[in-house]
Amino acid sequence: MKKIVTIIIAIAVIVGAFFFFRSGDKKVTTYETVELKKGSINNTVTATGTIEPITKVDVGTQVSGTISHIYVDYNSVVTKGQLLAELDRKLLEAELKSEMANLKSSKSEFEYQDKNFKRLHQLHEKNLISETEYEEALYQYEKAQQAYEKAQATLVKAQSNLDYATIYSPIDGVVLSREVEEGQTVAASFETPTMFTIANDLRKMQVIADVDEADIGQVTFTVDAFPDDTFEGDVTQVRLNPTTESNVVTYEVVIDAPNPELKLKPGLTANITVYTMEKNDILLAPLKAFRFTPETDPE
């Protein structure tokens, strides 16, 4: 009997201890509250782009030759029509003189054949010469006329080639690059060789970037050269031709970038923040408040 009583007491102690410690481990739920306030919210995407001048012109030559003089260098400020370089003119001037002499000879031949044809034409109308003589006179007249017209066109070409030996700036701007040296020979047989690259007003720049958003608003960007400065720009164009890379479709975006202090240099990499959506004067709540899931009592 004593054994039974002892077992019952032991069981009671164990059950009591179990419920006692279980009630002590029960978690207490607390809640954090915040006050809703009005403010602004925006959605942004980031991209990288390149600083470029709005207008950039490659200046070359349409004739082959040896560069005799160069009058500008890197960073030279130039105006439209300013002399940049000259090619050696000796061969071109000789060619022009040759074509002038050829034109003079062709003109004399044409004038002679013109008078001869008119004379024989009158005789032909009176049946005083044969048909063969008349046709020969007409043939020589037309041949001389064509040679004279060709000589005129060739002279114009020779004069133009001589003019092309003098290289002028097509725009106001700054010389970004100079690709040639005095004494260097340039060949324009297959394509126009680039001698200078001139950018227009560097106080007005643009950023070219690929952005994977079609609805784009205001843009801010930074450059590594001035990490503490934030530049602002407006999207002036979203080019509709898409580019797909790694299954991501992007659009080339042109961003206006005013540069009054000339801090932005051509070729710099721009780290862009694009604002795709912005809401002002709305109630704000912490994001974790919308992700809160209350615990449920298993009992």
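At 15% relative accessibility, R178 counts as buried (buried means under 20% relative accessible area, exposed over 50%, partly exposed in between, with a 1.4 Å probe and protein chains only). The model is predicted, so local features need pLDDT of at least 70 and side-chain atom pairs count only at pLDDT 80 or more, while totals for chains, interfaces and linings use all residues. Residues are numbered from 1 along each chain as its sequence is written, and side-chain values use heavy atoms, leaving out hydrogens and water.

R178 forms a salt bridge with E181 (a side-chain nitrogen of Lys or Arg within 4 Å of a carboxyl oxygen of Asp or Glu). E181 is partly exposed, with a relative accessible area of 45%. Shared partners link D73, R178 and E181 into one salt-bridge network. The count of salt bridges comes to eight, among them these:

| Salt bridge | N to O distance |
|---|---|
| E181 and R178 | 3.1 Å |
| D201 and R203 | 3.0 Å |
| K118 and D114 | 3.4 Å |

D201 is partly exposed at 25% relative accessible area, whereas D114 is buried at 17%. K118 and D114 both lie in helix α2, four residues apart, about one turn of the helix.

Helices are DSSP runs of H or I with at least four residues, numbered from the N terminus. The axes of helix α2 (residues 90-125) and helix α3 (residues 131-164) come within 7 Å and cross at roughly 160°. That makes α2 roughly antiparallel to α3 (angles over 145 degrees). By class, their contact has 18 nonpolar, twelve polar and eight charged residues.

Terms used: Axes fitted to C-alpha atoms, helices over the stretch in contact; angles between N-to-C directions. Helix = DSSP H or I, 4+ residues; strand = E, 2+ residues; numbered from the N terminus. Parallel < 35°, antiparallel > 145°, perpendicular 65-115°, else oblique. Nonpolar A, V, L, I, M, F, W, Y, C, P; charged D, E, K, R; others polar.
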